[in-house]
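Subject: The structure we talked about

Hello,

Here is the structure for you to look over. Please open it alongside this email, and my notes follow below.

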Amino acid sequence: MFMSKRQSEEIQSAEQERYLQANNKEFNTMFGYPNNTIKTSKYNVFNFLPLNLFEQFQRLANAYFLILLILQLIPQISSLAWYTTVIPLIVVLSITAVKDAMDDLKKHRNDNQVNNRSVLVLMNGSSEPYSLTYVETAELDG
């Protein structure tokens with residue numbers, strides 16, 4: 001299926017057009033545009049444990065101790081008890097998980113503060129000549 005250059009340009013321009021109305025949430029939600037909320041946190045209540053453990057076992061030292069623990073569960077090749085590896089591993093994983101949870105909780109609070117900040121809405125043009133509007137994008141740079 002081949003399209004002419006004109007048809008391709010029409011499709012691209014149609015995809016780039018967005019219709020918005022200030023202070024009209026019902027109208028804006030009809031188009032399914034993504035909202036502009038900020039989310040810098042990684043975890044939620046349901047995915048914290050699996051994601052955090054996955055990230056922690058990607059570290060070489062944690063993966064090494066996990067493999068060592070699995071090998072120590074085999075009585076024929078183990079010279080030490082299994083708990084000599086389990087206890088330090090659990091302590092390290094727990095401390096790191098608590099630190100990650102506290103950091104992510106701070107991110108959630110900061111996100112809520114930024115997302116619920118009051119804003120100034122420009123209505124009916126601007127005071128600049130030719131109704132120019134200047135938008136500051138300092139916080140979008142990340």
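Which residues does Gln56 touch, not counting residues up to four places away in sequence? They are Asn62, Val92, Leu93, Thr96 and Ala97. Gln56 itself sits in helix H3. With a relative accessibility of 0%, Gln56 counts as buried.

Before you go further, please keep in mind that this is a predicted model. The average pLDDT for the protein is 80, and 76% of the residues score at least 70. Helix H3 (residues 48–56) has the highest confidence, at a mean of 95, whereas helix H1 (residues 5–16) has the lowest, at 55. I would read the two helices with those values in mind.

Next, have a look at Ser94, which belongs to helix H5 (residues 83–115). Is Ser94 buried, exposed or partly exposed? Its relative accessibility is 37%, so Ser94 counts as partly exposed. A polar atom of the Ser94 side chain lies 2.7 Å from the backbone oxygen of Ile90. Ser94 and Leu53 are 41 residues apart along the chain, and their C-alpha atoms are separated by 9.9 Å.

Leu73, Trp82, Tyr83, Ile87, Val91 and Ile95 make a nonpolar surface patch of about 640 Å². One of these residues, Ile87, has its place in helix H5.

Happy to go through any of this with you.

Best wishes

Conventions: Residues numbered from 1 in each chain as written. Heavy atoms only, no water. Helix = DSSP H or I, 4+ residues; strand = E, 2+ residues; numbered from the N terminus. Buried < 20%, exposed > 50% of the residue type's maximum accessible area, 1.4 Å probe, protein only. Polar contact = N/O pair within 3.5 Å; in protein donor to acceptor, adjacent residues only side chain to side chain. pLDDT = per-residue confidence, 0-100. Contact = heavy atoms within 4.5 Å. Patch = residues over 30% accessible without salt bridge, like charges linked within 9 Å, V, L, I, M, F, W, Y side chains within 5 Å. Areas by Shrake-Rupley, 256 points an atom, 1.4 Å probe, with all protein chains shown as cover. Salt bridge = Lys/Arg side-chain N within 4 Å of Asp/Glu carboxyl O.
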